[in-house]
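Have the viewer open while you read.

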Amino acid sequence: MERTRTVLYALLIALVAGITPAAASSSAFVLSSPAFANGGTIPKVHECTSGGGNDPAKRNESPPLTWTGAPATARSYAIVMRDLDNNNLIHWVIYDIPTTTTSLPQNVQHAYRPAVPAGSRQVYYRGSASLYGYQGPCSPSTVNTYEFVVHALNQTSLTTLTSSSSTQTAARTIAAASLGSARITGES
């Protein structure tokens with residue numbers, strides 16, 4: 001009986017996440033970070049450095065992320081980070097992550113084509129900073145909720161995206177190619 005409930009719960013999560021029952025496995029698609037618990041506080045090292053001040057703890061380093069239970073049909077992965085309390089402002093898009101990769105290290109290089117993970121690409125962030133890749137939380141006077149979503153994609157490469165694609169265009173392209181997703185939120 002308990003096994004049946006577990007399988008039904010995993011299927012329910014899969015359906016809500018947009019994964020077809022055939023693609024759902026016995027484990028749910030899950031995203032986590034060793035840097036913070038889901039709903040927990042994002043450490044200062046991951047906060048932006050472009051908001052002024054000279055706090056040496058703020059380094060604008062992307063947090064380490066790990067995912068498991070992705071649909072078996074995934075051909076690549078993408079991650080989109082948003083500030084849920086600031087009109088869903090997109091802070092980070094990394095895509096074309098190979099399926100052999102199921103985690104990102106802390107401090108992914110700020111480059112269109114970072115060295116790790118090999119083959120991946122990042123969108124140029126146009127906001128309080130102008131750089132490729134991760135732009136950390138920048139909410140000096142409020143505590144905002146930031147969402148990281150990993151998408152399992154039906155394509156090996158999102159060839160319509162280029163080094164000049166906007167974060168919004170990239171997010172729409174990723175959503176259209178998504179077979180399923182997993183998320184984690186943090187406060188900063």
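Leaving aside neighbours within four places in sequence, which residues is isoleucine 79 in contact with? In this predicted model, the partners of isoleucine 79 are Leu65, Trp67, Trp92, Val93, Ile94, Ile97, Leu104, Val149 and Val150.

Ile79 also shows up in the largest nonpolar core, a set of 22 residues. Along with Trp67, Trp92 and Phe148, Ile79 is listed there as having the most contacts inside that core. Two or more residues each come from strands E3 (65-68), E4 (76-83), E5 (89-97), E10 (145-153) and E11 (178-187). E10 is the top contributor, with four residues. There's also a second, separate core, this one of 14 residues, including Ala78, Tyr112, Leu153 and Ala171. As background, nonpolar side chains tend to be buried together in soluble globular proteins.

Zooming out, the protein chain has two helices and 11 strands, running α-β-β-β-β-β-β-β-β-β-β-α-β from the N terminus on. Of its 188 residues, 45% are buried. Take the contacts between residues at least 6 apart in sequence: 68% of them join residues at least 24 apart. The accessible surface comes to about 9,100 Å², and carbon and sulfur atoms account for 53% of that.

Now for a loop residue. Valine 123 sits between strand E7 (121-122) and strand E8 (124-126). Is valine 123 buried or exposed? Its relative accessibility is 3%, so valine 123 counts as buried, the cut-off being under 20%. Not counting residues up to four places away in sequence, valine 123 touches Val93, Tyr95, Leu131, Tyr132, Gly133, Ser165, Ser166, Thr167 and Ala170. From valine 123 to threonine 169 it's 46 residues in sequence and 9.7 Å in space, C-alpha to C-alpha.

On to the rings. The count comes to five aromatic pairs, and here are two of them:

| Pair | Centre to centre | Angle between planes | Geometry |
|---|---|---|---|
| Phe36 and Phe148 | 5.9 Å | 45° | tilted |
| Tyr124 and Tyr132 | 4.9 Å | 70° | edge-to-face |

The phenylalanine pair links distant parts of the chain, 112 residues apart: Phe36 is in the loop between strand E1 (30-32) and strand E2 (40-41), while Phe148 is in strand E10. Phe36 is buried at 5% relative accessible area, and Phe148 is buried at 0%. In the tyrosine pair, Tyr124 is partly exposed at 24% relative accessibility, and Tyr132 is partly exposed at 23%. Tyr124 and Tyr132 form one aromatic cluster together with Tyr112, which is also a member of the second core.

Key. Residues are numbered from 1 along each chain as its sequence is written. This is a predicted model: local features need pLDDT of at least 70, side-chain atom pairs count only at pLDDT 80 or more; totals for chains, interfaces and linings use all residues. Side-chain values use heavy atoms; hydrogens and water are left out. A nonpolar core is a set of buried Ala, Val, Leu, Ile, Met, Phe, Trp, Tyr and Cys residues joined through side-chain atoms within 4.5 Å. Buried means under 20% relative accessible area, exposed over 50%, partly exposed in between (1.4 Å probe, protein chains only). Contact means heavy atoms within 4.5 Å. Accessible areas come from the Shrake-Rupley method with a 1.4 Å probe; for residues, only the protein chains shown count as cover. Rings of Phe, Tyr and Trp (its six-membered ring) pair if their centres lie within 6.5 Å; planes under 30 degrees apart count as stacked, over 60 as edge-to-face and the rest as tilted.
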